[in-house]
Amino acid sequence: MTHNCVSVHEYLEYLKTAANEDRFWYIKEGKTVRPSLSNSNTQTGNMANFRYKAASGSDRYVQVCEWKGELRVDLREWNGDKPTKNGISLTLMRWMNFVNAIEYVGKTVEQKLSYGNHLGGNVLCNVAKNSVYVDIRQYWKPQEEVVPTKKGLCLRPSEYSRLKQWISEIGRALPELDGVVPCYLQGDHMNQLGALQCSECNPDDFTKW
Ligand SMILES: [Zn+2]
């Protein structure tokens, strides 16, 4: 069995390295391509089907793609035309939770406060105190503690502000977002048990309820 778990120490080192590198998230040309869902590459089941790709001048991209039949917003570092493991693919609901929080995230960065938001399914958006980096990352709980994995992206200030600028453009490529209702607003979450049994809201213990 393989996994991408890293120790907290490794993770902090990773953040430091990312912070020292001065790569920018240039989005030069945004293109909206809308292949039909039935037109996807069924032969290569996991082949992403690009809908929207905001090209960057360096190696980080945001794109709307289809993966295993599900639309996702993918934030990722690329090596040439190959995706690397550095990045995260957000379901529409998790993306929506991020978008809803983005103004607030910006304020906490300005005020140098720490911030943490659970986007769902152990994907967290974190800002460390006195930090200017916004980290979106998959966590998991191997034992007692919930720990970060390498699946994620630590957004530099320029990347974060560009992503913010592109939110409405991404939304136009993704009209499906209009139909997404966050699970915590759905009827079965109106009582506490519903939320406890939800794999998005309570990813580590939902089976225990
Ligand atoms: Zn839920």
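## Helix α2

Helix α2 covers residues 92–110, and its 19 residues at 1.5 Å a residue should span 27 Å, which agrees with the 27 Å between its end C-alpha atoms. The expected span is 1.5 Å times one less than the number of residues. Helices (H or I, at least four residues) and strands (E, at least two) are DSSP runs, numbered from the N terminus.

This is a predicted model, in which local features need pLDDT of at least 70, side-chain atom pairs count only at pLDDT 80 or more, and totals for chains, interfaces and linings use all residues. Residues are numbered from 1 along each chain as its sequence is written.

A kink of about 50° in α2 is centred on I102; the bend is the angle between axes fitted to the seven residues ending at a residue and the seven starting there. After α2 comes K112, with a positive phi near 60°.

R94, W95, M96, N97, F98 and V105 are the buried residues of α2 (buried: 20 or more other C-beta atoms within 10 Å of the residue's own; exposed: 12 or fewer; partly exposed: in between; C-beta atoms placed from the backbone). They pack against β4 (70–79), β5 (82–91), β6 (115–120), β7 (123–127) and β8 (134–140).

## P203

P203 lies in the segment after α5 (192–196). P203 counts as partly exposed because it has 18 C-beta neighbours inside 10 Å. Beyond four places in sequence, P203 is in contact with G121 and N122 (contact: C-beta atoms, placed from the backbone, within 7 Å). W140 is 63 residues from P203 in sequence, with 8.7 Å between their C-alpha atoms.

How values were computed. Contact = placed C-beta atoms within 7 Å.
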